[in-house]
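Have a look at the model first.

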Amino acid sequence: MSANAECLRVSELTKRFGATVALSNVQLTLERGEVHALLGENGAGKSTLLKILAGTQRPDEGRLELMARPYAPKSPQHAQALGVAFVAQEPALCPDLSVAENVLLNALPGRFGVVDRAVQKQRASAALARVLPHGAPVPDLDQRAGDLGQGDQQLLCLARALAQSECKLLILDEPTSTLNSSEAERLFAIVRELTKTGIAVLYVSHFLEEVERLADRYTVLRDGQFVASGRMPGTTRAELVKLMAGRDVQELFPRSPRTPGEVVLTLDALSGSKLPLSASLELRRGEVLGIAGLLGSGRSELLRAIFGLNAVKQGTLRVKGVLGPASPARRLAQGIGLLSEDRKREGLAESLSLADNITLPKLESLGAYGLVSPKKRALIARSYIERLGIRARGPDQLARDLSGGNQQKLCFARLLHQDADVLLLDEPTRGVDVGSRADLYRIIDELAARGNAVLLVSSYLPELLGVCDRIAVMVRGRLGPAHSVSNCTEHGLLLEATG
């Protein structure tokens, strides 16, 4: 590679947190105008490397070069000024501010504390035009950012990142995790256009089919160390998985013999205050019933209505023979467990320890007379940490210090400790690496084989086809009939989901 073609060089980068070595002698090189995939399991060190590049953390050792010059950002603002733009996995917006205000949040034009609204709209419009498909209209600049859909919110964050300065390196962290298939395709097209202008893109994703389509080269980290780097064309998915996991993942979707039993959940024309509009289904013990559909179709609202978080407007809801809606506390007592898609706001108590997060739903097993034994709590938490392969220093580590994928596995551990026999899983493997997904699929399979009932919502069609026994599709708030997975294909499900 010539020096003129090089955008970023990372050499012997090391980062420690106390006794924990998050990165050790990591190396990485990006060329101008390329999409470079950064791969690795949860806890491999990807997030730490991204934070260093984005200016939120400082390395202990090593050297960074941007455009052949030393690069040592002191803050995210400094990194942006030097030409490094970072778009996080979760859209980070001020929902009550306008679209234009969000785009130029860190660089509002004006003098003496007075914003020049005309210039603001002109610059915001230009920034948005860079991330919109050719010929697409610019959204209403006065609209509240919180009123945008997930896909438009992600593009808004991308526009803001590119608007700060002349972008040389764009970092995208799981950019499609909240997007549907059409929104993801739109993002891919935008990324390709940006690379034509010479921008280098560092792309992090657990969806290897995305990486295969989009990336020119890849770098794999494992346990905080550099493992391999190479060109994506000619590299098989199995080779990438083995590099990431350090082992062969022989069976991504294990399936044990399952015998559907009694009906434990019945819905008949169920509707909520807004969504769903109408949903009918029967869920039996010993089966995994999947629900496909686009974002906003009402899938999550359906699970929330069943669990008692959302109001039921009309229709019939019967859980284990008990008719009618109930509170979440009542559902927990009935053995119903919900894994929310929003782990930040509903799935975790981030300021509490792993042990607290795992055991809070079921404290009575941790001691007598209303007391909790710290030793027993830590022992139980450690067993789930080992079972799910959660990468953590121990049960007392705070949940907020985990990577996103390990936080998701922590949510799953809490559900297992609750010992729910009817599981409502909303995007259960979101942000989880391929090796860990295989572990979670194995646990779901074991639960179904032993007689648990699982209702699984997912945007990832291969997951539904690989894990479920039957699949129903929700379209604009209405749930269609469930079909045997043997009669379903990705193409057919997508056609049905788009109406």
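The 61 positive and 56 negative charges of the protein chain have mean positions 3 Å apart. Here Lys and Arg count as positive and Asp and Glu as negative, while His and the chain ends are not counted. Each charge is placed at NZ of Lys, CZ of Arg, CG of Asp or CD of Glu.

Keep in mind that this is a predicted model, in which local features need pLDDT of at least 70, side-chain atom pairs count only at pLDDT 80 or more, and totals for chains, interfaces and linings use all residues. Residues are numbered from 1 along each chain as its sequence is written, and side-chain values use heavy atoms, with hydrogens and water left out.

Some values for the protein chain:

| Property | Value |
|---|---|
| Span of the C-alpha trace along its principal axes | about 70 × 50 × 50 Å |
| Accessible surface (Shrake-Rupley method, 1.4 Å probe) | about 21800 Å² |
| Share of that surface from carbon and sulfur atoms | 50% |

The protein chain contains 17 helices and 23 strands; these are DSSP runs, with helices (H or I) of at least four residues and strands (E) of at least two.

Of the 499 residues, 51% count as buried, meaning under 20% relative accessible area with a 1.4 Å probe, protein chains only. Val241 is buried, with a relative accessible area of 10%. This residue sits in helix α8, which covers residues 237-245. The C-alpha atom of Val241 is separated by 9.3 Å from that of Glu41, 200 residues apart along the chain.

How values were computed. Buried means under 20% relative accessible area, exposed over 50%, partly exposed in between (1.4 Å probe, protein chains only).
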